[in-house]
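Please read the following briefing alongside the sequence and the three-dimensional structure.

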Amino acid sequence: MKKRVLSMLFIASILMTLFVMPQNIHASNEFMLGNSSFNNATYPKTGWASPWVLYQSPDATANGYVTTTRPAQGKYHVKVTHPGINNYDIQFRHQNLVLLNGVTYTWGFEIKSSIDVTLKGAALTWSDEPWFPDFDKTPKLKLKAGQVVKYSRTFTMKQDYKQAHFVVYLSDLSKIERDSNNKIKITPYTITMDNFSLTGGANTQRPKPRTISPFRVNFEGYIPDGKKTAILVDSSTSPLDWQLKNSNKVLASGFTTVLGTDTSSGDHLHLIDFSSFNDPSVRSAYLYAKNGTLKCPDQINMTYDLYEDLKYDALNFFYQQRSGIAINLPLNMGLRRPAGHVDQNGNPSDIGEPVSDEIGNAFLVNQGYQKSDYGSINAAKGWYDAGDHGKYVPSGALALWLMHNQYERTLQISGAKPEAYANGTMRIPENKNSYPDILDEARWEMEMLLGMQIKSGVKKGMVHHKFHDTVWAMTPKKPSDNKLKRVAYPPSTSATLAFAAVAAQSYRLWKNLDKSFANTCLTAAKDAWDAAEKYPNEYTRTLIMDDTDGYDGRKENRVDYGGGYYECQSYDSEGEIKVQGDNTDELFWAACELYLATGGTSYSNVINNSKHFGWNVGLKGVNKAGEEGPFDWRDTAALGSLSLALVGTNSNYQSIAKYQINNYANAVLNVMKGQKYPVPITKYYWGSNSSVLNRAIILAYAYDLNYRNKQYLDGVTQCLDYLLGTNANFISYVTSDMTNSSFYAKNPHHRFWAKQVNPDYPSPPPGVILGGPCQVVEDYDDFMKETEFPRSNVLVGNTYKRFADVYPQKCYIDHCDAYACNEVAVNWNAALAWVAGFVDEAVNYDITPPAAPWNLKYTSRTSTTISLQWDPTWDNKKVAKYQVYQNGTLVSSISYLTYNVKKLKANTTYRFTVRAVDLAGNISGHSSPLTVTTLP
């Protein structure tokens, strides 16, 4: 993203490594396990075992806890109330171990049971096939009630494994019995473990927290004439002095504004506002406070082209996420990978038969599931939605709409520049085909969505809801190495209407570029609309699955097993719908897009009668302005309003939509005014960063529609400030190519960008937005529930706090396993690309041309050359380049103040002028002409 050089010595001093995984280290007899006896003072709360994790499959039920009182202090207990259906359904495991070829290891532990049990045993395994290695046959553990068994084993590794696990298996299936009446009886039991050891290899002890600065700044930088604020964390209740300096020259100074204690973070904050400094010639500086005793570790960058790289990096995310094509144009060689899901080497194809709508039982368990009544589908293209290998119509359609809208906006807003996304501007294979690159990328997803539509027969026009693995793929895993069975879920009304919306939008953008493809999209959109009218209440039903062995009698709800859910439904324990879904938002959205594409009255009638449109309705969340919104894959009505406001074929519709947008934007600004960090939300749900970006999009619309009122632009840039470092966690939630910098998150929950868990896999590319703080993380994330923060900014005294004890904005950890706060998603990155593209353009909205260059002269001449020189000119923002004209013809565009004209004729008179071009492309008048005659 940003182009700069940081002090490597300084960076080295503050690097963060969440889990140390040394490579090429030979046997050193170092103790390899963390918290091996469960009595470390940094684990004061009952239940803490980190870095150990208790895993249980959906078929099992167990509860783990550490005793902190005598006489059983420092022991880990697992109370098993249902052992599951496999002898590996309950596991106690230590992750992130490095095992090296040729090294001899010894491991052991103490274990006892409350009753007689027979367990599968213990093993060293890893997150790749084979999960149970040949050298360890996992001998069974036969435990007598109350008897402590000291178990140990010595072995020599025959190959390297850089992400191994120490696992104890705790399921005894014999504790499930049937009585004479064929009723299930389960005998619970408690397993107690202590004094684990693993010696002989590399040290994987829990690392120290990273150093954190009291300054909070946007690590990318600031716009020279924009709003520029930083946050200082300090307990002082009086204003503190600050200075902005460059090479010991004071550029600006003042006193902080005391903001007080922030309720979302617990930090006591001061505001530093250096907006008054707007000299574009100063590209970087440092912030100081408290008479220079505090220095911000990251330099403050100031430039108008600040977000140009971020815009393209965020768009490149989608190429990196493509399915069905080899990735050969990465930013670095490590990101290259073969095509995923193309029916090679056991990797299944994404072309085939979906499951039937009438499946009844567990097709995810029964591999001989019934084929579809709907015919074959083709999901070979498209984007992998997130860190897994699933493809989902609701979230994919939202991402696609954002990408379409990002380009369509440039066609509708005066001064916007569609050429920023023209052919040749993006790093994709199609960048030489004459079509805008952003539409080429969007088409890759659109063609996959077209392949998900039912073409004939039963439910013609409906769209399958999602497509993914039958179980969750392990991490790390290349898509091409994934051999799990793939399955398409039955069609849903919400997916069908979302498809209709983006297909109609696609028609609008392609009709003057590729008429055949545009018509295909429009026909598909109309078919989807007709199908949704015929089948208005088709939902992605919970799949009720009996246990495979049939001995338990329990039924499982596995609507999202192997992939995300992406539909708002609520179910009871038997899988019946408790709260009926509401498809009226997708209906309104699709009606708006089809109306804008066709002008049809059937669509306008739906708009007129929709509860989502009207003067007093507003966008989602206007009455809960601090919470989620204004749109997401669950609630899409706002997308229709945004299209009506932008494309505007009906003045009444456009007026109402603009009113809604302005009303919501003002509510967002009011939320921001009430926050101490520059964030437009007050609650931090899963994907909280996407809520920040979606609100920024509404502010951007308000800026476009309100004669470029600067308060809205400042609101957008402050949202980026928060995401890029001005937050409680002193981190940019957007990845960077500055891989040695601890300022940037670098460990997304991703199957391929998984260098943290296996150094043979790559780090993420730059421009990837991570989910961000999740205050309800304990409801979701097993890793986060069992792991304390290894970070200094959540220390209270000398004690690490758990999630339930931590402020919402600090419920974040940069770790690959932390999916609840470090996930990636296509709809999140599409919003990031949209906002970065808007700001990159908006800060360069400029209709004022530079002054004409002056003092044009020649400094030397020969018979064939003339050397020209001129003085720099003035611009209200920045001069980008100079154009040199020879006899009225443009001969060069350069960024220098000199130019050597060559290949001239001897003894010939030439006339020269120079013009200046600013960042917005405005061109000055010509300089005073200079006439020069070459030497004979």
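The points below cover selected helices, a loop glycine and several strand pairings.

This is a predicted model, in which local features need pLDDT of at least 70 and side-chain atom pairs count only at pLDDT 80 or more, while totals for chains, interfaces and linings use all residues. Residues are numbered from 1 along each chain as its sequence is written, and side-chain values use heavy atoms, with hydrogens and water left out. Helices (H or I, at least four residues) and strands (E, at least two) are DSSP runs, numbered from the N terminus.

- Helix 6 comprises 20 residues, 515-534, and extends 29 Å from its first C-alpha to its last, close to the 28 Å expected at 1.5 Å a residue. The expected span is 1.5 Å times one less than the number of residues.
- The buried residues of helix 6 are Phe-517, Ala-518, Cys-521, Leu-522, Ala-524, Ala-525, Ala-528, Trp-529, Ala-531 and Ala-532. Buried means under 20% relative accessible area, exposed over 50%, and partly exposed in between (1.4 Å probe, protein chains only).
- These buried residues pack against helix 4 (437-451), helix 5 (493-510), helix 7 (584-598) and helix 8 (601-609). Contact here means heavy atoms within 4.5 Å.
- Helix 5 and helix 6 have axes 8 Å apart and pack at an angle of about 155 degrees. Axes are lines fitted to C-alpha atoms, for helices over the stretch in contact, and angles run from 0 to 180 degrees between N-to-C directions.
- Helix 5 and helix 6 are therefore roughly antiparallel to each other. Angles under 35 degrees count as roughly parallel, over 145 as roughly antiparallel, 65 to 115 as roughly perpendicular and the rest as oblique.
- The contact involves, among others, Ala-500, Ala-503, Ala-504 and Trp-510 of helix 5, and Phe-517, Cys-521, Ala-525 and Trp-529 of helix 6.
- The crossing of helix 5 and helix 6 is left-handed. A crossing is left-handed if the near helix is turned anticlockwise from the far one by less than a right angle, and right-handed if clockwise.

- The 15 residues of helix 7 should span 21 Å at 1.5 Å a residue, and the end C-alpha atoms are 21 Å apart, which agrees.
- Of those 15 residues, 12 are buried, so helix 7 is largely enclosed by the rest of the structure. Among them are Asp-585, Glu-586 and Glu-593, together with Phe-588, Trp-589 and Tyr-595.
- The buried residues of helix 7 pack against helix 3 (393-412), helix 5, helix 6, helix 8, helix 9 (637-647) and helix 10 (651-673).
- Helix 7 and helix 8 pack at an angle of about 140 degrees, with axes 8 Å apart. That angle makes helix 7 oblique to helix 8, and the crossing of the two is left-handed.
- Where they meet, helix 7 contributes residues including Phe-588, Ala-591 and Tyr-595, and helix 8 contributes Tyr-603, Ser-604, Val-606 and Ile-607.

**A buried loop glycine**

- Gly-562 lies in the loop between strand 31 (555-557) and strand 32 (570-571). At 3% relative accessibility, Gly-562 counts as buried.
- Apart from neighbours within four places in sequence, Gly-562 is in contact with His-468, Asp-469, Thr-470, Val-471 and Trp-472.
- Gly-562 and Lys-485 are 77 residues apart in sequence, with 10.0 Å between their C-alpha atoms.

**Strand pairings**

- Strand 5 (residues 104-113) has 7 of its 10 residues buried, so it is largely enclosed by the rest of the structure.
- Strand 5 pairs with strand 9 (residues 149-156) in the antiparallel sense over 8 bridges; Thr-104 has Thr-156 of strand 9 as its bridge partner. Two strands pair if DSSP finds at least two bridges between them.
- Strand 5 is also joined to strand 13 (residues 189-199) by 7 bridges, again antiparallel, and the bridge partner of Ser-113 in strand 13 is Ile-191.
- An open sheet of 3 strands has the order 25-27-28, with antiparallel pairing. Its edge strands are strand 25 (391-392) and strand 28 (486-488), each pairing on one side only.
- Within that sheet, Lys-391 stands opposite Phe-467 in strand 27.
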